[in-house]
Amino acid sequence: MFQSYLFPISYAFLAFPVAALLFTLPFLIVQYRRHGYIHKLRALILYLLLLYLLNALFLIMLPFPATRHNLPPAGGSLQLVPLQFIEEILHSSRFTADTPSTYLSLLKEPAFYQAVFNVLLTVPFGMFLGYYFRTRWVVCILLSFSLSLSFEITQITGIYGFFDHPYRVFDVDDLITNTLGGIIGYRIALWISGLLPQIEQLDANEDLSAKRVTFTRRVIAFLLDACVWMPAAGLLSLLPVPAPFWITLTAYFLLIPCLTKGRTPGKWVVRIAVQSRSDAPRLWRLTVRYGLLYGVLPGMNIILFDSIFAAALHQELAATARGIVLLADLLFLIHIIISIFRKKELFYERLSGTRNVILWPEKQLLSEPELRPYTID
């Protein structure tokens with residue numbers, strides 16, 4: 001019995017970093033799109049929201065049955081009578097209305113604890129909606145109900161078919177108590193909002209002109225670009241087309257930025273662009289930049305580790321060339337690490353005379369026009 005609880009919990013902890021990455025990436029992108037940068041308080045609140053949602057999910061889902069081929073619940077999987085938990089509390093306790101000494105017995109009933117837990121479960125959710133997202137109370141009710149409904153549907157479907165049968169009961173009282181918890185949290189947020197920093201005023205206390213494009217932002221842009229560029233190169237390689245890697249590299253990182261004034265699709269999503277001094281980059285600068293970044297290092301690896309050219313070389317010469325390429329890869333990795341800690345430009349940026357700049361949202365540009373690096377059509 002102990003192992004049946006231990007293994008699902010261990011799986012949950014292993015899945016947490018992956019889930020955190022998948023949830024955090026959209027949050028970061030939204031912050032880049034809406035505000036142009038990541039504010040520490042906003043990031044902390046969104047991370048706490050992520051942490052809350054994951055923990056709430058684990059509390060609702062765990063523990064799992066010992067096997068996927070579980071038996072259906074003995075008493076049925078649906079409870080559709082509203083406020084049934086009140087009748088259960090009264091029935092199982094020694095409560096009588098004309099005997100005050102029996103009132104405390106209500107607090108000892110498992111059904112009472114379960115109802116209280118279901119209310120407390122969504123109180124933080126309502127607080128996030130009231131303080132950070134500034135929703136109306138009607139929206140809070142709908143979202144709290146939707147969150148609770150998603151939990152119940154996940155349970156009644158056996159985590160969408162993963163288990164043969166539901167291992168929890170779909171309880172309409174859970175929908176009621178969870179929604180009530182969301183409203184309570186919403187009201188608490190309104191009461192204490194005067195003691196907390198105002199979300200609308202966070203940008204007013206920041207020196208936006210001092211903000212720079214972080215390596216985290218550049219990595220996210222690269223990952224987004226890779227989701228488009230690499231599949232395109234893979235599809236092109238299925239056709240009788242020579243050098244599909246070089247064709248897609250040229251089209252994606254030279255032609256597109258030239259037409260969009262330094263933006264690839266990934267850079268557009270996170271609101272950055274490649275700039276040459278005070279204007280949009282010229283073709284030769286982009287050629288130097290991306291030729292060194294993607295053409296030389298990845299290009300050497302592709303040619304020497306997976307090509308007909310490497311097979312045509314003498315065995316000793318090919319081994320020497322591969323060693324040189326691996327050494328170049330290691331030096332480039334060390335160069336990136338040093339540049340990150342020292343906040344210095346990378347070598348291909350210095351040689352090409354280019355850099356990444358932030359494309360600020362219109363609301364920031366209206367208040368601080370000097371933030372505009374150049375005109376974006």
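Analyst: **Packing around tyrosine 132**

Neighbours within four places in sequence aside, tyrosine 132 touches Gln31, Arg42, Ile45, Leu46, Met127 and Ile199 (contact: heavy atoms within 4.5 Å). The model is predicted, so local features need pLDDT of at least 70 and side-chain atom pairs pLDDT 80 or more, whereas totals for chains, interfaces and linings use all residues. Numbering starts from 1 along each chain as its sequence is written, and side-chain values use heavy atoms, with hydrogens and water left out.

The largest nonpolar core comprises 22 residues, and those with the most contacts inside it are Ile45, Tyr52, Tyr131, Tyr132, Phe151 and Ile199. Such a core joins buried Ala, Val, Leu, Ile, Met, Phe, Trp, Tyr and Cys residues through side-chain atoms within 4.5 Å; buried means under 20% relative accessible area, exposed over 50%, and partly exposed in between (1.4 Å probe, protein chains only). At least two core residues come from each of helices H2 (40-61), H5 (123-131), H6 (137-156) and H8 (172-192). Helices (H or I, at least four residues) and strands (E, at least two) are DSSP runs numbered from the N terminus. H2 contributes the most, with seven residues. Another core, of 15 residues, lies apart and includes Leu249, Tyr290, Leu293 and Phe332.

Charged residues are also found away from solvent. Glutamate 349 and arginine 218 form a salt bridge at 2.9 Å, N to O (a side-chain nitrogen of Lys or Arg within 4 Å of a carboxyl oxygen of Asp or Glu). Because glutamate 349 lies in helix H15 (347-352) and arginine 218 in helix H9 (215-237), this pair ties together parts 131 residues apart in sequence. Glutamate 349 also bridges to arginine 289, at 3.7 Å, N to O. Arginine 289 belongs to helix H12 (283-305), so the pair with glutamate 349 in H15 connects parts 60 residues apart.

S3 runs antiparallel to strand S4 (355-358), joined by four bridges (pairing requires at least two DSSP bridges). Glutamine 275 stands opposite arginine 355 in S4.
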